[in-house]
Amino acid sequence: MINRFNHIVKKASKGLENTAAIILFVAAMLIIVNVITRRAFNAPIHGVMDIILFCTTMFIGLSLAYCAVRDGHIYISILTDRFPKRVRKVIDIVIGTISAVFLLMVTWQLILYGNNMRLTGEVSLTIRFPHYPFIYIQALGFGMLTLVVIGNVLELFANKEGDEN
């Protein structure tokens, strides 16, 4: 059951990563087109900075979970490497649980913040586009990262090989 959960979470994370890659590509193309139109025709694209900022928040938020799936986040283990496997496993479970709770709180606060932005009608200055959809996308990214961390902790509980030492 834990393997099935992790498989689904990894697939969903990869889907979000692919979406982030498309958004990054679109943002890069938009910057290139903006530079060309500014230089060649003295006609920059209206609101390009707002669009790029929105794209940046989306591709960062959507790529967080898959980075965790690939163990791409920084993890300093210089102290724990000297401990027996069983102690390292307990430390990993404690740190993973604390991380999952923290990320769950971040996700929840992003949802609340997005609701607040939606209710107050906060929009970007240039193109007048609302902020809340991008805050919800951040919440989606952090929520998926939370699920990845929870899956890793559950896998530590299910894994018996660290119990020998």
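Here are some friendly notes on this predicted model, point by point.

1. **Ground rules.** Residues are numbered from 1 along each chain as its sequence is written, and side-chain values use heavy atoms, with hydrogens and water left out. Because the model is predicted, local features need pLDDT of at least 70 and side-chain atom pairs count only at pLDDT 80 or more, while totals for chains, interfaces and linings use all residues.

2. **Helix α2.** Helices here are DSSP runs of H or I with at least four residues, numbered from the N terminus. Helix α2 covers residues 48-69, which is 22 residues, and at 1.5 Å a residue it should span 32 Å; the expected span is 1.5 Å times one less than the number of residues. The end C-alpha atoms of α2 are 32 Å apart, so the two values agree.

3. **A kink, and what comes after.** Helix α2 has a kink of about 35 degrees, centred on serine 63. The bend at a residue is the angle between axes fitted to the seven residues ending there and the seven starting there. Just after α2, aspartate 71 has a positive phi of about 55 degrees.

4. **The largest pocket.** The largest pocket holds about 800 Å³ of space. Of its 24 lining residues, Ala68, Asp71, Tyr75, Val149 and Asn152 are the closest to its centre. Two or more lining residues come from each of α1 (2-41), α2, α3 (85-120) and α4 (132-158), and α4 gives the most, with eight. A pocket is an open set of points on a 1 Å grid over the protein atoms alone, where a 1.4 Å probe fits, with protein on both sides within 12 Å along at least five of seven lines; lining residues have an atom within 4 Å of a point. The volume is the space filled by probe spheres set on the points, which are joined across faces, edges and corners.

5. The lining of the largest pocket divides into twelve nonpolar, seven polar and five charged residues. Ala, Val, Leu, Ile, Met, Phe, Trp, Tyr, Cys and Pro count as nonpolar, Asp, Glu, Lys and Arg as charged, and the others, Gly among them, as polar.

6. **Cysteines.** The whole structure has zero disulfides, a disulfide being a pair of cysteine sulfur atoms within 2.5 Å. Cysteine 55 counts as buried because its relative accessibility is 7%, whereas cysteine 67, at 27%, counts as partly exposed. Buried means under 20% relative accessible area, exposed over 50%, and partly exposed in between, with a 1.4 Å probe and protein chains only.
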